[in-house]
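Here's a quick briefing to read with the structure open beside you. Let's see who touches whom.

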Amino acid sequence: MPEFTAITPDALARLVADRANELTGYAVLAVDGADAADPVSFATAVAELLRAAGRPAEVVALHDFVRPASVRLEFDREDEYTYRTGWFDYAALNREVLTPLRDSGRWLPALWNERTDRSARARIRTALPGTILLIAGPMLLGRGLDFDVTVGLRMSEAALRRRTAAESQFTIPALLEQQQVEEPGLRVAWDHPDRPAIARG
């Protein structure tokens, strides 16, 4: 079992931003965490620190790369296996964001609007030199995606059950199973987001 050291949320964001800022050229950072962990908010805090330091940074939410409801809900609205394997379009994330950013400095900020269940109709963007994209969302690791830095906001089953909406409780087994597939570069104990702790060694 790893040892954990307490850290403030602000200090954690600075640590991640400093690590990201060491990268050269275009780079992609994953903030992997359940919706209950609110990984988009943490990624946004890191992006703001990077911009303040003069480094272009943008946040991409995995929920903007969900599959259409007809695919997500084809078999069962509360099927944890479908949630883990068919809910998010990781292949599209790779095809529309990671690969084109590295190849040509262009990327698509969103593919599908989860609320309206329609195309996001987003325009392809041209990245500024040295742009860092922060991809934030659940179950990002273990998908064969090429990330330069990975941060895992890890929550115990008890914390997930406390902080996950009733209609989404079915996702918890999938989240717990997937977070065992690949160890993040920076593993953070996130049961109490105001009092995180980071794994050492």
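Predicted model: local features only at pLDDT ≥ 70, side-chain atom pairs only at ≥ 80, totals over all residues.

**The nonpolar core**

- Ile135 also turns up in the largest nonpolar core, which has 61 residues.
- Which residues touch the most other members of that core? They are Phe42, Leu93, Val97, Leu134, Ile135, Phe147 and Val151.
- As background, nonpolar side chains in soluble globular proteins tend to be buried together.

- Helix H1 covers residues 9-21 and helix H2 covers residues 39-52; their axes come within 9 Å and cross at roughly 60°.
- H1 and H2 are therefore oblique to each other.
- The crossing of H1 past H2 is right-handed.
- On the H1 side, the residues making the contact are Pro9, Leu12, Ala13, Arg14, Val16, Ala17, Ala20 and Asn21. Their partners in H2 are Phe42, Val46, Leu49 and Leu50.
- Sort the residues of this contact by type and you get 10 nonpolar, one polar and one charged.

**Ala34, in a loop**

- Look for Ala34 in the loop between strand S2 (27-33) and H2.
- Is Ala34 buried or exposed? Ala34 is buried, because its relative accessible area is 10%, and the cut-off for buried is under 20%.
- Not counting residues up to four places away in sequence, Ala34 touches Pro39, Pro138, Leu160 and Leu175.
- Ala34 and Ile7 are 27 residues apart along the chain, and their C-alpha atoms are separated by 20 Å.

**Gln179, in another loop**

- Gln179 lies in the loop between helix H7 (172-178) and strand S10 (186-189).
- With a relative accessible area of 18%, Gln179 is buried.
- Its contacts, again not counting residues up to four places away in sequence, are Arg154 and Met155.

**Arg72, in a helix**

- Arg72 belongs to helix H3 (residues 69-72).
- Arg72 is buried too, with a relative accessible area of 7%.
- Which residues does Arg72 touch, not counting residues up to four places away in sequence? The list is Val66, Arg67, Thr82, Gly86, Trp87, Glu114 and Asp117.
- The C-alpha atoms of Arg72 and Thr85 are separated by 9.5 Å, with the two residues 13 apart along the chain.

Definitions and conventions: Residues numbered from 1 in each chain as written. Heavy atoms only, no water. Axes fitted to C-alpha atoms, helices over the stretch in contact; angles between N-to-C directions. Helix = DSSP H or I, 4+ residues; strand = E, 2+ residues; numbered from the N terminus. Parallel < 35°, antiparallel > 145°, perpendicular 65-115°, else oblique. Left-handed = near helix turned anticlockwise from the far one by under 90°. Contact = heavy atoms within 4.5 Å. Nonpolar A, V, L, I, M, F, W, Y, C, P; charged D, E, K, R; others polar. Core = buried A, V, L, I, M, F, W, Y, C linked by side-chain atoms within 4.5 Å. Buried < 20%, exposed > 50% of the residue type's maximum accessible area, 1.4 Å probe, protein only.
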